[in-house]
Amino acid sequence: MGDAGGPFRGRLRREQRTFEAMLALYCRDLHGGRRGALCPECEELGAYARERLARCPFGPAKPTCRHCPVHCYRPAMRERVRAMMRHAGPRMLLHRPVLALFHLLLDGRRTAPALPRRRNGAASTPRVLPSD
């Protein structure tokens with residue numbers, strides 16, 4: 001799954017840990033995944049989410065994806081993440097209560113910052129980031 005936080009620090013690391021905990025719960029419940037191991041489909045989704053998080057133009061000021069003006073997930077992957085979160089989100093309070101509370105109380109309320117500036121000084125416009 002993850003490598004103890006990888007390149008992420010602080011809030012982004014917590015967001016990655018929360019996502020991976022939700023994904024593990026989802027995989028275990030629906031795909032029969034074991035503790036610490038994901039099925040290939042969920043492993044693909046986890047790798048994709050880590051890549052998107054690493055490439056986020058907002059960096060540490062990143063809002064939750066729900067509040068973000070830049071939709072960087074491909075539509076099919078975005079729908080898979082939604083399905084995973086719908087299943088795992090409510091169960092996180094029982095299985096990983098600290099991560100769930102941080103996500104609900106701190107991260108879930110974070111609003112989107114102003115879009116990063118382009119090199120020429122103009123504000124960026126919302127766009128979809130390349131998917132691969």
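Follow the chain along its sequence and you read the pattern α-α-α-α. That's four helices and zero strands, where helices (H or I, at least four residues) and strands (E, at least two) are DSSP runs, numbered from the N terminus. Keep in mind that this is a predicted model, where local features need pLDDT of at least 70 and side-chain atom pairs count only at pLDDT 80 or more, while totals for chains, interfaces and linings use all residues. Residues are numbered from 1 along each chain as its sequence is written, and side-chain values use heavy atoms, with hydrogens and water left out.

Let's look inside. Of the chain's 132 residues, 36% count as buried; buried means under 20% relative accessible area, exposed over 50%, and partly exposed in between (1.4 Å probe, protein chains only).

Now for the rings. A pair of aromatic rings is described by the distance of the centres and the angle of the planes. Tyr-48 sits in helix 2 (residues 40-54) and Tyr-73 in the loop between helix 2 and helix 3 (75-95), so the pair ties together parts that are 25 residues apart in sequence.
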